[in-house]
Amino acid sequence: MFRVRPLLPWIRSSLQTTLKLQTDTSQPESVRRSLRLPHIGCPSRTVSVSNQQQCFRGMATGGEASKEETAKVEEAPKEEVPKQGNRLVASKSPYLLQHAYNPVDWYPWGEEAFEKARSENKLIFLSVGYSTCHWCHVMEHESFENAETAAIMNQNFVNIKVDREERPDIDKVYMQFLLMTKGSGGWPMSVWLTPELAPIVAGTYFPPKSRYGMPSFSAVLNSIAKKWETDKESLVAAGATLIDALQKSQEYAAVAEAGAGSAMDKLAEAISVHKQRFDQSHGGFGGEPKFPEVPRLNFLFHGYLITKDLDVLDMVIDTLDHIGRGGINDHIFGGFARYATTHDWHNVHFEKMLYDQGQLMVAFSHAYKVTRNEAFLDYGDKIYRYLVKDLRHPLGGFYAGEDADSLPSHEAKVKVEGAFYAWTWDEIEAAFKEKAERFDEITPERAFEIYAFHYDLKPRGNIPAYSDPHGHLTHKNILIVRGSEEQTCANFNLEADQFRKLLTTANDILHVLRDQRPRPHLDTKIICAWNGLVLSGLCKLGNCYSAHREQYMQTAKELLEFLRQEMYDPERKLLIRACYGVAVGDETLENNEVQIDGFLDDYAFLIKGLLDYYKATLDVDVLHWARSLQDTQDKLFWDDQNGAYFFSQQDSPNVIVRLKEDHDGAEPCGNSVSARNLVLLGHYYDENAYLQRAGKLLNFFTDVSPFGHALPEMLSARLMHENGLDLVAVVGPDSPDTQRFVEICRKFYIPSMIIVHVDPSKPEEAPDKRLQTKFKMVSGKTTVYICHERACRMPVTDPQQLEENLTSYFFSKRV
């Protein structure tokens with residue numbers, strides 16, 4: 001969501017004329033009800049709590065359509081796609097290129113399309129999606145590849161395609177309109193705009209024929225076109241009123257700090273809300289579908305550390321345990337799907353997104369540090385293996401994600417969801433028999449029996465029919481661990497090492513076999529913000545000090561070099577939103593003809609990644625780059641009048657309103673991450689200006705309620721800001737002894753801790769010069785000072801004593 005709450009009643013009132021299409025009795029009832037029903041589509045994580053379950057259940061079950069009807073969705077006869085491309089053929093975006101040979105006369109977002117709309121006095125049909133979106137594919141195959149539907153679109157509208165990952169500024173503006181009018185959002189997003197770019201009608205997926213309780217897409221198109229022809233003035237007036245209301249909402253000033261409530265008050269409120277919404281049986285929060293919601297999990301770790309409330313720790317550990325054992329986890333190789341369509345994390349939406357992988361590496365690292373449970377470290381390591389093998393550009397950056405859909409065989413013509421990941425009982429059994437020699441002393445029959453028990457495989461499949469609206473997973477299995485390693489070992493009288501070896505062998509057999517299947521589409525777009533999240537994940541995983549630390553940190557170093565070389569314009573000191581790979585294994589990179597500069601999230605997420613990299617390496621040059629990027633971010637996005645950051649730059653072309661995001665969803669919002677960054681930079685550099693800016697930002701959002709549920713990442717930053725940070729100053733030369741002290745500090749999960757290395761021989765390298773004079777070595781030994789808000793405890797020169805002190809100070813009641 002965005003910063004519109006203070007004026008929401010006014011905005012809703014201003015939309016009444018806009019929404020006349022829904023209530024006008026001259027329109028068909030199917031059209032009038034279309035924008036009031038739960039949507040079908042890839043859901044957004046910006047829906048309101050009250051609408052989540054209804055909206056998602058409609059998506060998961062296919063609304064009112066029967067299973068037989070939905071099973072035919074992608075197999076319906078389609079018009080032959082013409083060979084001549086439209087205006088999208090020159091795009092770099094994989095999503096736009098997927099539509100480059102539609103019969104629809106698509107335009108990319110830009111002045112050419114807007115001028116056509118103005119000169120021909122036509123409405124704009126804006127379609128927003130992304131290349132790995134399942135329901136985007138469905139609507140393309142059903143409607144945008146259909147010549148008759150395309151003719152209606154071309155005759156009545158100027159049609160524009162936008163990749164939401166490439167242009168999140170456009171997506172977020174019109175998603176806000178969709179959320180205000182429907183209460184839920186998702187992709188594909190379908191919005192009709194006036195030539196002045198004001199939205200007047202919005203929805204998500206529309207079927208080619210009336211079903212799901214929704215009108216056909218062609219009926220909606222014709223109805224809106226008729227409304228424009230007969231009542232153009234009211235639509236234009238309504239659109240102008242809406243733009244004015246949205247713009248005024250952004251002029252809302254921060255509330256007075258007095259009476260806003262302290263961070264500890266908001267922490268207590270947030271913990272109470274999370275306890276109420278926690279699923280005691282399966283972990284996670286709310287009903288189905290379920291997203292990992294990593295910002296929420298990271299906040300709960302922080303909340304536990306402050307409150308020592310074991311119920312808070314249980315919530316986050318139980319959730320990560322269910323995610324790790326669930327079908328959302330690719331047990332065969334690694335990586336996690338975007339979300340689960342069932343409350344038990346079993347059936348899933350199979351697309352794998354980069355932002356999830358980066359954030360989950362962080363969450364599993366935190367879980368390992370708090371519990372020392374090796375299973376969490378293993379989940380993080382498998383994400384790393386997946387990223388390096390399947391999502392990594394040869395030069396070090398990471399691609400955006402992989403599709404949910406793929407061909408069930410190399411001979412097939414129609415892609416289906418989950419074809420790459422799901423298995424029949426017979427496929428796995430045959431694979432084990434074919435590789436019988438791999439199981440050593442265990443027979444393949446015995447190995448299959450154990451494997452089927454552990455992953456809950458069924459001869460007729462283990463997918464609940466209600467969660468499979470297309471019937472794509474009939475008689476298929478998705479691996480899920482409903483018990484535990486200990487239960488499986490006890491059931492089959494196995495030693496733990498013997499069982500783990502069996503699983504490793506079995507999963508390797510299936511991984512090799514699976515790689516022979518047609519792979520899902522890979523979106524080779526490399527997004528700056530999401531790579532910043534991966535940089536954080538690699539560094540957090542590296543700080544667990546497993547046997548693979550050097551690999552993680554080498555990959556992080558190469559990613560850092562990639563970002564500096566390919567995603568940063570040193571002359572203008574600006575970040576670039578995205579660049580594009582051309583093929584797997586090919587080093588070639590491409591850029592848009594007109595460069596898309598970075599948005600708030602690109603700066604905030606990369607700065608966060610750089611701060612995490614500094615903590616993992618103490619490379620002061622990286623810390624200085626983070627500071628430089630923060631200064632650029634402040635110039636481009638900060639609201640000098642009211643505080644907080646806009647998502648887009650002031651001079652962004654053809655963006656009707658600059659919004660301020662105030663919701664942490666599948667990704668944390670840029671303002672939440674920026675609050676944390678400012679607090680850390682303020683303490684690293686001992687600069688009060690950063691802390692003052694952080695305070696004004698936090699104050700701007702203080703009336704969001706419930707604060708810690710809507711903005712868990714921001715509440716974590718607020719706790720750091722109000723309660724202060726813990727400075728660990730390691731004083732000594734760059735030596736093995738010094739590194740040992742630093743390693744001990746990194747192994748603890750202490751979100752409020754910053755580490756500074758003070759080398760007496762290199763005073764020029766210290767970010768905070770006062771530390772050079774304040775802290776000295778004791779008796780010529782490497783010495784550690786632990787300070788809170790400039791009040792320091794006694795210095796320590798013994799590593800074991802340091803570890804005991806950190807445990808006592810921060811984990812005195814740790815389980």
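Predicted model: local features only at pLDDT ≥ 70, side-chain atom pairs only at ≥ 80, totals over all residues.
Residues are numbered from 1 along each chain as its sequence is written, and side-chain values use heavy atoms, with hydrogens and water left out.

I then searched the whole structure for aromatic pairs and found 36 of them. Helices (H or I, at least four residues) and strands (E, at least two) are DSSP runs, numbered from the N terminus.

**A stacked pair between two helices**

Next I looked at Phe-364 and Phe-376, which form a stacked pair at 6.2 Å centre to centre, with 25° between the planes. Phe-364 belongs to helix α16 (residues 354–371) and Phe-376 to helix α17 (residues 374–391), so the pair ties together parts that are 12 residues apart in sequence. Phe-364 is buried at a relative accessible area of 0%, and Phe-376, at 3% relative accessibility, counts as buried too.

**Cluster and charges over rings**

Returning to Trp-192 and Phe-206, I found that they belong to one aromatic cluster together with Trp-106, Phe-125, Phe-144 and Phe-217.

I then asked which rings have a lysine over them, and noted that Lys-352 lies over the face of Tyr-386, at 4.1 Å from the ring centre, while the charged end of Lys-747 sits over the ring of Tyr-545, 5.7 Å from its centre. The test requires NZ of Lys or CZ of Arg to be within 6 Å of the ring centre and within 35 degrees of the ring normal.

**Helix packing**

How do α16 and α22 lie against each other? The axes of α16 and helix α22 (residues 528–542) come within 8 Å and cross at roughly 25°. That makes the two helices roughly parallel (angles under 35 degrees count as roughly parallel, over 145 as roughly antiparallel, 65 to 115 as roughly perpendicular and the rest as oblique). Residues that make the contact include Leu-354, Tyr-355 and Gly-358 of α16 and Trp-530, Asn-531 and Leu-533 of α22, where contact means heavy atoms within 4.5 Å. Axes are lines fitted to C-alpha atoms, for helices over the stretch in contact, and angles run from 0 to 180 degrees between N-to-C directions.

I compared this with α11 and helix α12 (residues 232–249), which pack at an angle of about 100° with their axes 5 Å apart, and which are therefore roughly perpendicular to each other. Here Lys-227, Trp-228 and Thr-230 in α11 meet Lys-232, Leu-235 and Val-236 in α12.

**Backbone details**

I looked up cis peptide bonds and noted one from Trp-187 to Pro-188, with omega near 5°; Pro-188 is in the loop between β5 (186–187) and β6. Another cis bond runs from Glu-288 to Pro-289, with omega near -5°, and Pro-289 is in the loop between α13 (263–277) and α14 (294–307).

I also looked for positive phi in residues other than glycine. Asp-440 has a phi of about 55°, lies in the loop between α18 (425–434) and α19 (444–454), and is partly exposed at 47% relative accessibility. Ser-779 has a phi near 55°, lies in the loop between α31 (770–774) and β22 (783–788), and is exposed at 67% relative accessibility.

**The whole chain**

Last, I recorded totals: the protein chain has 32 helices and 23 strands, and 64% of its 815 residues count as buried. Among contacts with a separation of 6 or more, residues 24 or more positions apart account for 72%.

Note on methods: Phe/Tyr/Trp six-rings, centres within 6.5 Å; stacked < 30°, edge-to-face > 60°. Buried < 20%, exposed > 50% of the residue type's maximum accessible area, 1.4 Å probe, protein only.
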